[in-house]
Amino acid sequence: MRMQELQSAQRQLIEFVDQFAPLLGRAERGHWCGMYVSGLLLDGDRKSIEPMAGRLPGGNEQALQQFVNQSPWAHTLVFDKLTEVLLGRLNPDPGVLVLDDTALPKKGRHSVGVARQYCGALGKVANCQSVVSWHFSCKQAHFPVNAELYLPREWTDDVPRMEKAGVPVERRQFVEKWRLALLLLDRIKEKIAHEVLVFDAGYGEIRPFLAELDKRKEYFIGQIPESHGFWPADVRTVETAGTFGRPRRYPVVADRNAKPLSAGRWSEFLLQNKRSWETIELPLRKKKTVQAMAIRVREVTAQAYYRPGPERWLIMEKLSDGQMKYYVSNLPESASLQQLLDWAHQRWTVEQGYQQLKEELGLDHFEGRSWRGLHHHMVLCFMAYGFLTLVKHQRKKKP
């Protein structure tokens, strides 16, 4: 936003920020919250505290530093309130919850959670922080719901380092990304009406994660690697006697010479058996249609190769350049291929959202080192994004 635009929206912004004031504690924190969000919205190459304070009328670097890095307000409560405000104002249709993580490149080793790990922003292993997050997406809008920093083992094995960075005691144990995603999901799943969960292959390839979603009775559609194996849905199974004549707890494949097919081989098998690609229209600006097929299958269980796992949809999508993508879903047999792919492609709205959060709102510009400061900065960036979402929605409603 240019300064003139920000000033014209000042009344709306004050009303928006005032909804969060009771969660911030002292009265002056509400003022500096509005100032910080204004700084994120205002045009500028760098959205760290010092340059923002210099651009804002009445900006005070020390006060903003205090508000973000030292003030003990709970970012999790602000996340919840932001979701409540956006859902109340947008009144959206039931949508999807999209799981994603994003990398924040960093120099040095002192910022909380920083380590050499895969950085999507750079496309390689590099020094960065990794943030796990859930987003809501529907026809009317999309916005981030919650997020938390992932701590690699080199951090959780170093207690003095965590103490120095202010990592809460309850977060000083190593938690895999997929388990962290489940913890975040459990905080929000009852608060947001959603039809399905969507995620990329980084989570789709983790079978224990899918099993936990089954336990929670959550429908999902997730991308997977082509190497993942599946039995036919109608593979013949038998119950054979176990040790001391006791029956096995689970049935096993009757023909031990039979082999499951990888996701990549399933598309070849279907084409050889006179199945053809279906053209599916997508509600996307750039990609209007895709070629796809789907079949009911059963998972291969790594720990018990001949014991077929849960029944799933396996979806195969052929891209314009001939490349393939594969998805797995626990949606019922009645689900259509059109609906499955509509949901699967909702994930791209999150990619667009993160691009805006970083390029326009400074999500990756934070220069502090503490756990508290980083999570405060993240939720304030999400507030700025939410405010823009409401402004756009209001403009669309005007004749």
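**Close-up 1. Glutamate 299 and arginine 312 form a salt bridge, with their closest N and O atoms 3.0 Å apart.** A salt bridge here is a side-chain nitrogen of Lys or Arg within 4 Å of a carboxyl oxygen of Asp or Glu. The pair links distant parts of the chain: glutamate 299 belongs to strand 12 (residues 289-299) and arginine 312 to strand 13 (residues 311-318), 13 residues apart. Strands (E, at least two residues) and helices (H or I, at least four) are DSSP runs, numbered from the N terminus. Are these two partners buried or exposed? Glutamate 299 counts as buried because its relative accessibility is 7%, and arginine 312 counts as buried at 2%. Buried means under 20% relative accessible area, exposed means over 50%, and partly exposed lies in between (1.4 Å probe, protein chains only).

Before you move on, a word about the model: it is predicted, so local features need pLDDT of at least 70 and side-chain atom pairs count only at pLDDT 80 or more, while totals for chains, interfaces and linings use all residues. Residues are numbered from 1 along each chain as its sequence is written, and side-chain values use heavy atoms, with hydrogens and water left out.

**Close-up 2. Glutamate 148 and arginine 171 meet through their side chains in a salt bridge (2.3 Å, N to O).** This pair, too, links distant parts of the chain, 23 residues apart: glutamate 148 sits in strand 4 (residues 142-150), and arginine 171 in the loop between helix 9 (159-165) and helix 10 (177-188). Both glutamate 148 and arginine 171 are buried. The structure holds 19 salt bridges.

**Close-up 3. Aspartate 186 and arginine 216 are joined by a salt bridge between their side chains (2.9 Å, N to O).** Aspartate 186 lies in helix 10 and arginine 216 in the loop between helix 12 (207-215) and strand 6 (220-224), so the pair, 30 residues apart, links distant parts of the chain. Aspartate 186 is partly exposed because its relative accessible area is 34%. Arginine 216 also counts as partly exposed, at 23% relative accessibility.

**Close-up 4. Leucine 64 is found in helix 6 (residues 61-70).** How accessible is leucine 64? Its relative accessible area is 0%, so leucine 64 is buried. Not counting residues up to four places away in sequence, leucine 64 touches Trp32, Met35, Tyr36, Ile49 and Ala53; contact means heavy atoms within 4.5 Å. The C-alpha atoms of leucine 64 and cysteine 33 are 8.3 Å apart, although 31 residues separate the two along the chain.

**Close-up 5. Leucine 380 is one of the residues that touch the most other members of the largest nonpolar core, along with Phe16, Leu41 and Phe209.** A nonpolar core is a set of buried Ala, Val, Leu, Ile, Met, Phe, Trp, Tyr and Cys residues joined through side-chain atoms within 4.5 Å. This core has 123 residues, and its largest share, 14 residues, comes from helix 16 (residues 371-397). Leaving aside neighbours within four places in sequence, leucine 380 is in contact with Cys33, Tyr36, Val37, Leu40, Phe67, Val68 and Trp73.

**Close-up 6. Serine 267 has its place in helix 13 (residues 263-272).** Serine 267 counts as buried because its relative accessibility is 7%. Beyond its neighbours within four places in sequence, serine 267 is in contact with Trp277, Met293, Met316, Met324 and Tyr326.
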